[in-house]
Every structure is written in structure tokens, then in C-alpha cells.
Amino acid sequence: MTPNTSSTGRQFLSLHLLETLVAVLPVRDENGAPKSIVYGGTERHMITSQARRRAERVHTRNRANAGLGALAGRSTGVRTREWALITARALTSEHGWEADEAVRTARAVIEATGPKFGDPAKKTVANLTKVLLFAPADAGTRIAAHINEQAETVRSWTEEYLAAQTAAAAAKAKKSTRKNSGQQESNASEGTEAKLPALPSATRAAVLTALAPRDAIDIALYGRFLAEIADSPNVDGAVQSSHAFTVHEAEQVDDFYAAADDAKLDRKKNALDFLDAADDAGAGMTGYQSLITGTFYRHAVLDRLQLRRNLQAAGMTAQEAEEASVAAEAEFVTAFVDAFPEAKKNSTASTGSLPALVLAFEGERPYNYAAAFQAPIDENPVDKDGEGPAGPAAVKRLLRHHVFVSRRRPDIEAGRVLTYDPQIDELIGTLEDTGVVTVASPEELTA
């Protein structure tokens with residue numbers, strides 16, 4: 001077993017990050033308001049782990065597809081409800097099928113494998129699975145290639161399947177009508193729905209193979225759960241992520257905005273008299289948007305052993321899994337530092353944010369330092385018993401907490417810190433006995 005997979009001190013890579021965000025709205029609840037939690041007796045702004053994980057996953061995938069970073073050129077996954085449409089596009093563009101037949105066939109084949117689809121009567125969802133399926137990016141192409149290779153068999157099965165499906169729907173509708181009218185069924189056969197023919201075993205195997213995790217690195221990292229396909233492997237992700245929260249009490253502003261109507265303003269500018277100008281007075285539209293500001297703490301941990309197990313379970317040799325895991329770890333850390341949810345990015349420039357501090361260290365178990373901020377930071381002036389600005393105060397708390405814990409947990413190895421804030425860099429230099437080494441890039445955060 002390699003050192004990185006050892007369970008005696010280096011199995012888990014813990015990451016802790018502090019970042020200050022100003023006038024942003026990375027995530028919203030069902031009412032369009034910022035998400036929040038109550039912690040330490042005060043309300044805090046929250047950025048959910050789901051939003052962060054997706055940002056990191058997409059960041060990793062885009063860099064790999066662009067030939068950048070440690071995972072350049074490696075396979076990644078796509079999480080979507082559109083696998084039938086993706087397969088149909090491959091059938092038409094690569095194999096010359098007619099569009100309508102391609103969609104019908106692809107939908108039937110994937111549906112017969114297990115996933116449920118939307119209501120056929122609703123065009124917008126008829127060819128979409130009811131749940132998101134996370135699968136390798138080339139799954140649709142692989143399914144389409146098999147369908148085309150077995151075109152005669154699959155076409156015959158599809159006709160039989162769709163006919164049985166139509167008969168089943170008709171029988172169900174007839175049964176419902178009789179039940180609503182209080183009529184009794186004339187005999188048992190009229191209450192029996194048509195049975196759908198099973199998908200040919202070779203085709204089912206091809207679909208399951210295409211949707212299997214295989215060498216998709218981000219599926220091994222973040223995991224997946226496919227309850228609708230019983231014989232498709234689920235993956236227990238190697239990455240654990242916490243929700244980010246402000247280290248101080250939440251402060252929110254409801255920003256009033258007025259949007260100009262260009263055509264109206266042009267008419268007003270060229271109006272011949274004040275009455276015409278008055279008709280075009282006022283904004284084109286107005287409204288409110290909530291914005292949040294604060295210093296956030298967030299945490300994630302990578303289980304190195306689980307990552308290697310996932311990749312070997314997907315078909316890699318031990319050596320291949322080791323090489324892929326080292327690359328995946330480097331890219332995961334880069335994404336943890338650089339990726340940011342893209343909501344409101346154009347109006348808030350939120351994706352340009354850089355962390356004030358990143359702390360990384362290895363241990364034989366995960367370590368979450370949220371407890372360091374259970375008591376909210378008081379930003380009142382220091383001479384009034386406050387801790388001062390939240391950024392520097394949070395850095396002091398986090399490093400002090402790490403020193404305290406690491407002295408009591410011998411499995412924790414010396415930490416490494418990265419900062420993009422010159423004031424924080426100077427602050428770290430003034431702190432005594434932090435037990436951490438300052439590095440200059442995300443790549444240096446991993447041992």
C-alpha cells in the first residue's frame with residue numbers, strides 16, 4: 001500500500017478555508033432570499049455544500065476537457081436528465097438515423113433499463129428522466145453505437161415495447177373510467193395491463209456499461225446514487241463537504257434597483273415639449289434583490305483510500321488508480337481554492353474572489369474546525385472588547401484552534417497555509433508557534 005493510501009496517518013486530507021465576500025448572492029432559497037442558519041445563538045449566512053460541490057466539479061471537468069491541470073485529457077462525468085436526447089443526437093449525427101425515430105428508440109431503451117421518464121403528454125419533459133443521472137460524458141455516444149450495431153433487433157423490440165406501452169396506458173385509462181363510473185369489470189382479463197417486453201440482454205448490458213462510472217474521475221471524487229437502476233453501481237464519494245457559514249452574525253441588504261428602458265429614454269431625450277417628456281418619465285422596471293457580505297468558513301475533506309477504491313472498482317489497476325488519484329487530489333484542491341458558484345456573477349463579480357486563508361493537513365480521520373466560530377466574531381473596535389475585522393480575527397482563531405487540536409491528536413501532520421491577502425500574510429508572520437508552513441500555490445497544499 002502506498003503512503004497516500006495508508007490508514008495510519010495520511011488517509012484524509014482536511015481543507016479549511018476563510019474567504020471574505022462583498023455584496024454577493026451565490027445561493028438563494030425558494031423565495032429568492034439568501035440562505036441562512038442559526039449557529040452559536042446568532043443567524044449566519046450560508047452557502048450550501050451542494051452549490052460549492054457543483055462549482056468544483058464543473059471547474060474540474062472544464063479544465064480537464066480544455067487540456068489544463070493535472071487531469072488534462074482524462075474522462076469526466078455529466079449529470080443530466082437528457083441522456084435520451086444526447087443518445088438520439090448521436091444516432092442522428094453519427095449514424096444517420098431520422099430524428100423522431102432516434103428519440104423514440106433512445107428513450108425506450110434507456111427507460112427499459114430502469115429510469116422513469118416524464119409525462120409523454122408533456123413535450124417539455126417527455127424525453128427527460130425524472131431524476132438527474134450522473135454518468136461518463138461519452139455514455140450517450142456509447143449507447144448510440146450499440147443501438148446502431150444492433151439496429152434490426154433494437155428496432156423490432158422498440159416497436160413491440162411502444163405497442164405494449166400504448167396498450168397498457170389504454171387499459172389503465174379504461175380501468176380508471178370504469179372505477180369512476182362505478183361499473184364492475186366484466187372479467188379478469190379486462191383488468192390486466194399489458195406486460196412490457198424486456199430489453200434484450202445484450203442491449204441492457206451495453207446501457208449499464210455506458211452508464212457505469214468507469215474512469216470518470218469526478219464520479220469517483222463526488223460519488224453518485226442511482227436508485228432507479230438496481231444493477232448499476234452506486235459510488236460512495238471520496239469528498240466530504242460542509243456548508244460554508246459566516247464567522248460573524250449575518251448582515252443582509254435589500255438592494256433597490258431601477259432598470260432603464262433605452263427606447264423610452266431616447267424618446268424623452270428627443271421630445272418636442274415637456275408633456276411628451278413627462279409621458280416617458282420613470283424607470284423601465286424596478287425591484288429589490290438581497291445581497292450578503294461577510295467572511296465565510298468552509299471545510300472539505302478528501303478520503304484518499306476511498307478515491308483509490310472507487311477507481312479500482314471502476315476497472316483501473318492499482319497502479320492506474322494510484323496515478324489517477326494523485327492527479328485527482330491535485331485538481332480537487334485547486335478547485336476547492338478557485339471554484340465559485342456562478343449565481344449573479346455578472347452583477348456581483350463574485351467568481352473573482354480569492355480566499356484569505358487555506359489550511360491543509362493530513363490525518364487518520366477528518367477534522368472539522370467549525371467549532372472555532374461557534375461564538376460569532378465581534379467586529380467592534382478592539383478597544384471596546386471587539387476582535388476587529390472578521391478576516392484577520394478569523395485567521396487568528398482558525399490557526400489557534402488548529403494548534404490546540406494538533407497538540408492533542410498525534411496523527412495530524414504539520415499544516416500548510418496559502419493566502420492571497422498581503423495583510424493576512426503579514427499577520428501569519430507575527431503569530432507564534434502556529435506549526436504551519438506557508439506555501440505559494442494550491443499545488444503545494446498537498447503533501
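**Close-up views of a predicted model**

**View 1. Arg-107 is a buried residue, with a relative accessibility of 10%.** Welcome to the first stop in this predicted model. Under 20% is the range for buried residues, so Arg-107, at 10%, falls in that class. Its partner here is Glu-111: the two side chains form a salt bridge, with 3.2 Å from N to O. Glu-111 is buried too, at a relative accessible area of 18%. Both residues belong to helix α3, where they sit four residues apart, or about one turn of the helix.

**View 2. The largest pocket holds about 360 Å³ of space.** Which residues lie nearest the centre of the largest pocket? They are Arg-107, Glu-111, Phe-117, Pro-120 and Gln-165, out of a lining of 17 residues. Helix α3 (99–113) and helix α5 (151–181) each provide at least two lining residues. The most come from α3, which gives five. Sorted by class, the lining has seven nonpolar, six charged and four polar residues.

**View 3. A salt bridge joins Glu-19 to Arg-298, with the closest N and O atoms 3.0 Å apart.** Glu-19 belongs to strand β1 (residues 12–24) and Arg-298 to strand β9 (residues 285–303), so this pair ties together parts that are 279 residues apart in sequence. Are the two residues buried or exposed? Both Glu-19 and Arg-298 are buried. The whole structure has 17 salt bridges, and side chains of opposite charge can pair when their charged atoms come close.

**View 4. Glu-342 and Lys-345 meet through their side chains in a salt bridge of 3.5 Å, N to O.** Here the surroundings can be read from the accessibility values. Glu-342 counts as exposed because its relative accessibility is 53%, and exposed means over 50%. Lys-345 has a relative accessible area of 34%, which makes it partly exposed. Elsewhere, salt bridges with shared partners link Glu-19, Arg-52, Glu-56 and Arg-298 into one network.

**View 5. Strands β11 and β12 run side by side as a parallel pair.** Strand β11 covers residues 415–418 and strand β12 covers residues 436–439, with four bridges between them. To find one of these bridges, look for Leu-418, whose partner in β12 is Val-439. Between the two strands, the chain passes through helix α14 (residues 422–430), and this β-α-β crossover is right-handed.

**View 6. Asp-433 has a positive phi, near 55°, although it is a residue other than glycine.** With a relative accessibility of 54%, Asp-433 counts as exposed.

**View 7. Arg-214 also has a positive phi without being glycine, with a value near 45°.** Where is Arg-214 found? Look in the loop between α6 (201–211) and α7 (217–222).

How values were computed
Residues numbered from 1 in each chain as written. Predicted model: local features only at pLDDT ≥ 70, side-chain atom pairs only at ≥ 80, totals over all residues. Heavy atoms only, no water. Pairing = 2+ DSSP bridges. Right-handed = clockwise from strand over helix to strand, strands pointing away. 1 Å grid on protein atoms, 1.4 Å probe; cavity = no way out; pocket = protein on both sides within 12 Å on 5 of 7 lines; lining within 4 Å. Points joined across faces, edges and corners; volume = space filled by probe spheres on them. Nonpolar A, V, L, I, M, F, W, Y, C, P; charged D, E, K, R; others polar. Salt bridge = Lys/Arg side-chain N within 4 Å of Asp/Glu carboxyl O. Buried < 20%, exposed > 50% of the residue type's maximum accessible area, 1.4 Å probe, protein only.
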